[in-house]
Amino acid sequence: MEKLPQSRRKFITTLTLLLASGGLLVRYLTPRTPVKRRVLVCAAAAAVPPGGALLFRSERVALMRDDTGFYAISLICTHLGCTVVVTEDAITCPCHGSRFDRHGKVLTGPAGKSLVKLKLAVINGVIEVFDS
Ligand code: FES
């Protein structure tokens, strides 16, 4: 293999370092675009009964309320995607029988993962539930 002359090697090394650091600098200085969240459902906070739930069947979202406050869970079963059914004590899947507690944690399979908790915001008495 041919040896590069010292000045050419130094030039290539310097150029490589400049390009790498320039790329990092551009990435660091470029403002990150905020993640756009889509509002799935929106409801008056007063419409969610304490200890109860407000269901949005077409959006497959349950807006729940307990002692700690409001939370929202996806009604899409984590096994194969059926729409789960919310009852007073649990959430069940009609397709293969998975059961979840009211916070979406798996009680019995075949689903292996909890139902997805959705982000929400309460602004001036209105709850907005987001898709991510
Ligand atoms: S899709 Fe819900 S248990 Fe299979």
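The model is a predicted one, and its secondary structure amounts to 1 helix and 11 strands, with the helix leading and the strands following, in the pattern α-β-β-β-β-β-β-β-β-β-β-β along the sequence. The domain assignment divides the protein chain into domain 1 (1–32) and domain 2 (39–130).

**Overall dimensions**

- The radius of gyration of the protein chain is 25 Å, whereas a compact globule of 132 residues would have a value near 14 Å.
- Along the principal axes, the C-alpha atoms of the protein chain fill a box of roughly 80 × 40 × 25 Å, and the centres of domain 1 and domain 2, taken over C-alpha atoms, are separated by 52 Å.
- Of the 132 residues in the protein chain, 18% are buried.
- Among contacts in the protein chain that have a separation of 6 or more, 36% are accounted for by residues 24 or more positions apart.

**The helix and Gly-22**

- Helix H1 spans residues 6–29 and includes Gly-22.
- Is Gly-22 buried or exposed? Gly-22 counts as exposed because it has 10 C-beta neighbours inside 10 Å, where the cut-off for an exposed residue is 12 or fewer.
- Gly-22 and Ser-98 lie 76 residues apart along the chain, and their C-alpha atoms are separated by 52 Å.

**Strands S2, S3 and S4**

- The hairpin of S2 and S3 has 4 residues between the strands, and in this hairpin Arg-60 adopts a positive phi near 55 degrees.
- Strand S3 also pairs with strand S4 (residues 69–74), again in the antiparallel sense, over 6 bridges, and the hairpin that S3 and S4 form has 2 residues between them.
- Within this second pairing, Asp-66 has Gly-69 in S4 as its bridge partner.

**The open sheet of S1, S11 and S10**

- An open sheet is formed by 3 strands in the order S1-S11-S10, with antiparallel pairing.
- Strand S1 (39–44) and strand S10 (120–123) stand at the edges of this sheet, and each has a single partner strand, so one side of each is left without a neighbour in the sheet.
- From one strand to the next, the twist averages 20 degrees.
- The pairing of S10 with strand S11 (residues 126–130) is antiparallel and runs over 4 bridges, and Leu-120 stands opposite Val-129 in S11.

**The nonpolar core**

- Which residues have the most contacts inside the largest nonpolar core? They are Val-61, Ala-62, Leu-63, Ala-72, Val-84, Leu-118 and Val-129, in a core that has 21 residues.
- Two or more residues of this core are given by each of the elements S1, S3, S4 and S11, and S3 gives the most, with 4 residues.
- Leaving aside residues up to four places away in sequence, Leu-118 touches Leu-40, Val-61, Ala-72, Ile-73, Ser-74, Val-129 and Phe-130.

Key. Residues are numbered from 1 along each chain as its sequence is written. This is a predicted model: local features need pLDDT of at least 70, side-chain atom pairs count only at pLDDT 80 or more; totals for chains, interfaces and linings use all residues. Domain bounds come from an automatic or database domain assignment. Two strands pair if DSSP finds at least two bridges between them. Axes are lines fitted to C-alpha atoms, for helices over the stretch in contact, and angles run from 0 to 180 degrees between N-to-C directions. A nonpolar core is a set of buried Ala, Val, Leu, Ile, Met, Phe, Trp, Tyr and Cys residues joined through C-beta atoms within 7 Å. A residue is buried if 20 or more other C-beta atoms lie within 10 Å of its own, exposed if 12 or fewer, and partly exposed in between; C-beta atoms are placed from the backbone. Two residues are in contact if their C-beta atoms, placed from the backbone, lie within 7 Å. The radius of gyration is taken over C-alpha atoms; the globule rule is 2.2 Å times the number of residues to the power 0.38.
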